[in-house]
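Please look over the model shown below before reading on.

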Amino acid sequence: MLRYIYANELSQFPVLQASMHRDRAVQFSERLKWAVTVDEMGWERDEYDDMNPLYVIWANPDGTHGGSMRFLPTTERTMVNDHFAELLNGEDIRSPFIWECTRFCLGQKSTPRVAAAMMLAGGELMRAFSLTHLLGVFDPRMVRIYSMIGASPEILGSAGEGRDKISVGLWPFRAEDRVKVLRRAGLSSEISEHWFNRSFGRSVQELQKAA
Amino acid sequence: MLELDQFLQALEQADALEQIHDLTVGLRDQFQIDHVVYHWVSADGEQYGFGTYDPAWAQRYSEKEYLRIDPVIVGCFQRFDPVDWKKLDWSSKAAQAFRKDAIAHGVGNQGFSIPIRGPNGQLALLTASHTTDDESWAEFMEAHQREWILIAHYLNQKALQLEKGRTPEPVRALSPRETDALTYLGMGYSRGQVADLLNISEHTLRAYIESARFKLGALNTTHAVARAITEGLIVVGGAARAAAGGWPGREEGDKIAKSAAG
């Protein structure tokens, strides 16, 4: 299932939290050999995890991490503007309607369906909060995965070659993508909305019952 | 949108913190809702606010130290997504008593708050509240979310600017792409033509326009172009065309301009 969780609530899901940071260590440190920090618990974390970002996490049936990404509004400090300005030729993108999406990570046993579910979640955030774009940082494997599920970003700039390549790109919000991504993820519209509402507050019906 | 333009003009001209109050009154009247409130809170509980609530309620809120239990404050701290009050946790006894008291003081049974995070755990909130049913409130939020998010940011920037000792984000210069995009739009090219001139997709062009609009404190693209011209950030018209050395995509642009005119 999909969960939308702010960092300050993540410790309520200790298994999910630990397995996400460990999967991030595997993907970004071991596999991609990015210069990231892995702590003594084997967690990959950086300064943006300390800025109370919003995570979207696919939770496996056993409660472990299946996939995740991390969001911060571009009206605040962001990784793209801090570290990847040269990939953008000095452009700094700032808008409450453009959120940065970084550390897109898939668990080691995750299927393309999980990747599609993550894309779905990105679309749900855009739809719910009037976002026009997500601004992302990603590796070549992710570019292939995105294109496979029919949700390719528009690349604004890249650095490095082969597996060391790192890119910055934009996903625009396109309402028509939702049906396609739902199908790829093998999920219904209702369940996606249910997961979203569960994360962002109780449903209207529940509130009426409580009143 | 005309009235919102007037709001932005008034916002721009405001030079005292107290004028934020008049601006909230203007917003309330324009959106025809019960109340509009701007509320600023620091992590250690310092607060100030301006809005249309009954002063007796503001007084009571402070005396009763409602800040500690107000689900809107508690629920919005550290977040950056717009919040429908219904989605907050009102289950505690204290929260339910607070809600009853708020409604008795005319706050309304519905609310919508835009949180903006500042440095050191600061929180600024722009809130709309009203007395109505769930369905019409959902319609209101859906219809106006975008405007309210922009208004919240611009109002907050102004309040930070006017409040001593709280530095707002410095006004950011437009990036090269943003400057190009607004220049071409200012010359009357369509979005499709501008995207072609910049060799990017229309979707990506929109990101640069959104970013430029935000940096300029504008509600829409026309306003952003006008502001960029006023501020001298872009030059459109005869001066640009006559400039020596040609500007990017000039020949292409002339062709398009002709066909657009015809």
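A residue is called buried when its relative accessible area is under 20%, exposed when that area is over 50%, and partly exposed in between, as found with a 1.4 Å probe and with protein chains only. This is a predicted model, in which local features need pLDDT of at least 70 and side-chain atom pairs count only at pLDDT 80 or more, while totals for chains, interfaces and linings use all residues, and side-chain values use heavy atoms, with hydrogens and water left out. Residues are numbered from 1 along each chain as its sequence is written, and chains are lettered from A and ligands numbered from 1 in the order in which they are written. Helices (DSSP runs of H or I, at least four residues) and strands (DSSP runs of E, at least two) are numbered from the N terminus.

**Chain A as a whole**

- Chain A contains seven helices and seven strands, and from the N terminus on these elements follow the order β-α-β-β-α-β-α-β-α-β-β-α-α-α.
- With a radius of gyration of 17 Å, close to the 17 Å that the globule rule gives for 211 residues, chain A is as compact as a globular protein of that length; the radius is taken over C-alpha atoms, and the rule is 2.2 Å times the number of residues to the power 0.38.
- The C-alpha trace of chain A spans about 55 × 40 × 30 Å along its principal axes.
- Of the 211 residues of chain A, 58% count as buried.
- A contact means heavy atoms within 4.5 Å, and among the contacts in chain A with a separation of 6 or more, 69% come from residues 24 or more positions apart.
- Chain A has an accessible surface of about 8,900 Å², with 52% of that surface belonging to carbon and sulfur atoms; such areas come from the Shrake-Rupley method with a 1.4 Å probe, and for residues only the protein chains shown count as cover.
- The 25 positive and 27 negative charges of chain A have mean positions 7 Å apart, where Lys and Arg count as positive, Asp and Glu count as negative, and His and the chain ends are not counted; each charge is placed at NZ of Lys, CZ of Arg, CG of Asp or CD of Glu.

**Helix α1 of chain A**

- Helix α1 of chain A covers residues 14-31, and its end C-alpha atoms are 24 Å apart, which agrees with the 26 Å that its 18 residues should span at 1.5 Å a residue; the expected span is 1.5 Å times one less than the number of residues.
- Among the buried residues of α1(A) are Leu16(A), Met20(A), His21(A), Asp23(A), Arg24(A), Val26(A) and Phe28(A).
- The buried residues of this helix, α1(A), pack against β1 (2-6), β2 (54-59), β3 (65-73), β4 (98-106) and α4 (140-148) of chain A.
- After α1(A) comes Lys33(A), which has a positive phi near 55 degrees.

**Positive phi elsewhere in chain A**

- Asn52(A), in the loop between α1 and β2 of chain A, has a positive phi near 50 degrees although it is a residue other than glycine, and at 7% relative accessibility Asn52(A) counts as buried.
- Arg103(A), in strand β4 of chain A, is not a glycine either and has a positive phi of about 50 degrees; Arg103(A) counts as buried, at 7% relative accessibility.

- Helix α9 of chain B (residues 202-215) has 14 residues and reaches 20 Å from its first C-alpha to its last, close to the 20 Å expected at 1.5 Å a residue.
- Because 11 of its 14 residues are buried, α9(B) is largely enclosed by the rest of the structure.
- The residue Gly217(B), which follows α9(B), has a positive phi near 65 degrees.
- Tyr208(B) lies in helix α9 of chain B and counts as buried at 3% relative accessibility.
- Leaving aside residues up to four places away in sequence, Tyr208(B) touches Glu91(A), Ile93(A), Leu156(A), Arg177(B), Glu178(B) and Ile200(B).

**Two further residues of chain B**

- Tyr184(B), found in helix α7 (residues 176-186) of chain B, is buried with a relative accessible area of 3%, and its C-alpha atom is separated by 6.2 Å from that of Val194(B), 10 residues apart along the chain.
- Glu65(B), in the loop between α3 (55-63) and α4 (71-76) of chain B, is partly exposed with a relative accessible area of 41%.
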